[in-house]
Amino acid sequence: MAALNPGLWALLCSVLLCPVPLLGDCGCNSAQRAGSAHGHQQGAAYRYSRGANEPPAAGTEAEHRDKMVLLPSGVFTMGTDEPAIPPDGESPARRVHIDSFYMDKYEVSNSEFEKFVAATDYVTEAETFGDSFVFEGFISEDVKSGIDKAVAAAPWWLRMDHPVLHVSWNDASAFCSWAGKRLPTEGEWEYACRGGLENRLFPWGNKLEPKGEHYANVWQGDFPDRNTGADGYVQTCPVTAFPPNSYGLHNMVGNAWEWTSDWWGTQHAADEAHDPKGPSSGKDKVKKGGSYMCHKSYCYRYRCAARSQNTPDSASSNLGFRCAASGR
């Protein structure tokens, strides 16, 4: 498949998006592929890096760092001894040292990803495979009536200030490399999410809606039948929406799942650790933060300690990423 015309990135409805057959699926582990059917991801991080393409325009690197926050070195409690979903490996709580590093203030937006596509002619794995997970409840009856096995329209791609979705771990890694960044480790991500708070459920504390205020974009109402949109959004929200945590980071929970660099594992030592990198190999990659499709009754994963996983070539309509960079 040819690369998208850069001007058409927001109209990625040309991608064939397979709908989820069950309305009660929040997409945490959906659209997992047994393995890549092509060599698309081989060497992608270098192939689409700045070193392998035209030098960036003057000021581009500074522009990227302006949208990042330098987090201080510190020690925090990673995980929890009171796991809400024990099979996910949320426990045990353990002390973790994290070196100073940069973290994007916002999830990568459609607008930012469009710049990457324009500079590199990148083709996402969803385009190459011809499918990506879509929540059936968000597909109109008119669209569904014409579906054989794929969806021909995806209106969420029209929102340029919303998080880029339908990107695999391989796609996210390629973008980060091009931007001179990388994906955060799970330890870094959770450290950033907590914003300096200890043993709290959310980036702002233990109450989901303190004083009746909404701090994240998650499912309100009855999942999967009705989302009231009480927080102002039924699907994704702009990456700048909602108050930031104490580190100045927006939407660390809810809105879109975020890829991390770690391989998935559910057994963790309780010993104190320094900048853990996760297992040395695996089948799935860790994702954190939950999404707009998460509800406490079904997918209570919009907590700092919560976690889930997907294969590196999987993609879905509630999965995106943000970048990190070493502080030294």
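**Exercise 1. Determine which residues of helix H3 are buried, and what follows the helix.**

Solution. The model is predicted: local features need pLDDT of at least 70, side-chain atom pairs count only at pLDDT 80 or more, and totals for chains, interfaces and linings use all residues. Residues are numbered from 1 along each chain as its sequence is written, and side-chain values use heavy atoms, with hydrogens and water left out.

Step 1. Helices (H or I, at least four residues) and strands (E, at least two) are DSSP runs, numbered from the N terminus. Helix H3 covers 110-120.

Step 2. A residue is buried under 20% relative accessible area, exposed over 50%, and partly exposed in between (1.4 Å probe, protein chains only). In H3, the buried residues are Asn110, Glu112, Phe113, Glu114, Phe116, Val117 and Thr120.

Step 3. Asp121 follows H3 and has a positive phi, near 60 degrees.

**Exercise 2. Classify the ring pairs Phe113 with Phe175 and Phe101 with Tyr191.**

Solution. Step 1. A pair of aromatic rings is described by the distance of the centres and the angle of the planes. Rings of Phe, Tyr and Trp (its six-membered ring) pair if their centres lie within 6.5 Å; planes under 30 degrees apart count as stacked, over 60 as edge-to-face and the rest as tilted. By this rule there are 18 aromatic pairs.

Step 1. For Phe101 and Tyr191, the ring centres are 6.3 Å apart and the planes stand at 45 degrees, so this pair is tilted. Phe101 belongs to strand S4 and Tyr191 to helix H7, 90 residues apart. Both Phe101 and Tyr191 are buried.

Step 2. For Phe113 and Phe175, the centres are 5.8 Å apart and the planes are at 15 degrees, so this pair is stacked. Phe113 is in helix H3 and Phe175 in helix H6, so the pair ties together parts that are 62 residues apart in sequence. Both Phe113 and Phe175 are buried.

Step 3. One aromatic cluster is formed by Phe113, Phe116, Tyr122, Phe175, Trp178 and Phe321.

**Exercise 3. Identify the residues that touch the most other members of the largest nonpolar core, and the element that gives the most to this core.**

Solution. Step 1. A nonpolar core is a set of buried Ala, Val, Leu, Ile, Met, Phe, Trp, Tyr and Cys residues joined through side-chain atoms within 4.5 Å.

Step 1. The largest such core has 45 residues, and Leu71, Phe101, Met103, Phe113, Phe175 and Phe321 touch the most other members.

Step 2. Elements that give two or more residues include strand S1 (68-71), helix H6 (169-178) and strand S7 (257-263). H6 gives the most, with 6 residues.
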